[in-house]
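Dear colleague,

Please find below the structure that I am handing over to you. My findings follow it.

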Amino acid sequence: MAGSDRGGSIRDHYVAAFLAGHRSQLDGALAIEDARELEQVAPESQRIIIMTRGFEHADNPRPLLHLIHRSLCPGGIALVAAGGIAPNGRTGSDETGSWAWHYTALSMRRLFGDIFGPGAVTATTYGNVLSAAAYLQGISAGELTAAELDHRDPDYELLIGVRAERRT
Amino acid sequence: MRRPFHSFLRPRRPWPPPVGAVRFGSLRRRAPLSQQWGDDRGGPVDRYYIEGFLAACRKDVRGRVLEIAEDVYSRWFGGSRVTRFDILEYQKGEHPRATIVGDLTAADHIPSNTFDCVIVTQTLQLIYDVEAAIGTIHRILKPGGVALITVPGISQLNRHDRETWGDYWCWGFTARTLERLFREHFQSGDVEVEAHGNVLAATAFLYGLGRGELTRRELDFRDPEYQLLITARARKGGAA
């Protein structure tokens, strides 16, 4: 990931900030990176599901969202982080590892809202022009100040953090 | 390339600069240099790619042409090859020369097999039900007709646009996805998709630099890891 070879990536900084807001709920969380990891999970068995990478790779995220919803027990929550302004994610000369979509808070709210109900979803964005450009360039989080990283500009969505609750 | 003499008088800087040695210059700010995509600095970087693509496809801009929201590109690239200019506006009254009011996702009132060319630039990212819009584009093209499509990949949003037009921006695309979506609908025709941009162009675009502030060589270099602007030329199958 951009910046990982220079100390922690800027995206990881924002993922940590997103999860820190839910620190008290993370015990026993099921962490996934792919829909296939949920296929064998029993319905209504999980109190919390976390996905901090991989959401952008799905050609169609709706089956994944259905699986997440199905796996959660009533009252359970999903914490999903997705980008956003980012490089393409390729790991080689072909499409391996590449993203399918770059999301916005709007599309994340609508996609999750379609499955969980609009009132059950909140989305928080992270980033600004400096952190977004730095992230593209592979500059690490440690090369910007905390104030520079944490300034939020809603026009520059590097990361979107979604909390979705299964109500029933 | 031979180094100029004076460069021997000081050590070369290593590349990439080590951690702590990056020189950010004018870019170490929390606000972009332009709040208007670069309109106030000689024009946005992405327009360089959009116009280059349409220029390369200008022969497709002919006959009866539909464009979204305006007819600027139809006129510029089609000229006398165009026999009729149509503009699709989302709400009545948006454009004085608009000929059709509607939404690409619900356009049953637009007859099938109507247009020789449909130009949809920087629009699909605003449509939640993208697949329905692409289905409409395919349906309303004549057999052999061509859709010329551009979409953003890496991009910022814009608060002034949101205040004016509302909050509609749903997606940034990738070449892989745009190709998949168009091939699903244009199965019997052809689809050519290309990604444009590189890390420098993407950075410049995010800051709202003007296209003239980079060289053509800097703009033209393509790095598939940095897809700033993605274009598609999709031809509907059947007799031309």
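A polar contact, as the term is used here, is a pair of N or O atoms within 3.5 Å; within protein, one of the two must be able to donate a hydrogen and the other to accept it. Please note also that this is a predicted model.

One such contact joins the two chains at D153(A): its side chain makes a polar contact with the side chain of R159(B), at 2.6 Å. D153(A) is located in the loop between α5 (146–150) and β6 (159–165) of chain A. Its relative accessibility is 6%, and D153(A) therefore counts as buried. Apart from neighbours within four places in sequence, D153(A) is in contact with G127(A) and N128(A) of its own chain, and with R30(B) and R159(B) of chain B.

The interface as a whole may be described as follows. In chain B, 43 residues are in contact with 43 residues of chain A. The two chains bury about 3,800 Å² between them, and 54% of this area is on carbon and sulfur atoms. R30(B), Y128(B) and R176(B) supply 21% of the area that chain B buries against chain A, more than any other three residues.

Between chain B and chain A there are 27 residue pairs in polar contact, both residues being at pLDDT 80 or more. The count of salt bridges between these chains is 7. In one salt bridge, the side chains of R28(B) and E148(A) meet at 2.8 Å, N to O. On the side of chain B that touches chain A, the elements giving two or more residues are α4, β6 (171–172), α5 (175–185) and α6 (199–207) of chain B. The largest share, 5 residues, comes from α6(B).

Helix α4 of chain A (residues 129–137) also deserves a description. Of its 9 residues, 8 are buried, so the helix is largely enclosed by the rest of the structure. The buried residues include V129(A), L130(A), Y135(A) and L136(A). The buried residues of α4(A) pack against α1 (10–20) and α5 of chain A, together with α6 of chain B. At the start of α4(A), a side-chain oxygen of N128(A) reaches to within 3.0 Å of the backbone nitrogen of L130(A). Just after the helix, G138(A) takes a positive phi of about 85°.

Y90(B), L126(B), W165(B) and Y168(B) make a nonpolar surface patch of about 470 Å².

With kind regards

How values were computed
Residues numbered from 1 in each chain as written. Chains lettered and ligands numbered in written order. Predicted model: local features only at pLDDT ≥ 70, side-chain atom pairs only at ≥ 80, totals over all residues. Heavy atoms only, no water. Patch = residues over 30% accessible without salt bridge, like charges linked within 9 Å, V, L, I, M, F, W, Y side chains within 5 Å. Areas by Shrake-Rupley, 256 points an atom, 1.4 Å probe, with all protein chains shown as cover. Salt bridge = Lys/Arg side-chain N within 4 Å of Asp/Glu carboxyl O. Contact = heavy atoms within 4.5 Å. Buried area = accessible area lost by both parts, 1.4 Å probe. Helix = DSSP H or I, 4+ residues; strand = E, 2+ residues; numbered from the N terminus. Buried < 20%, exposed > 50% of the residue type's maximum accessible area, 1.4 Å probe, protein only.
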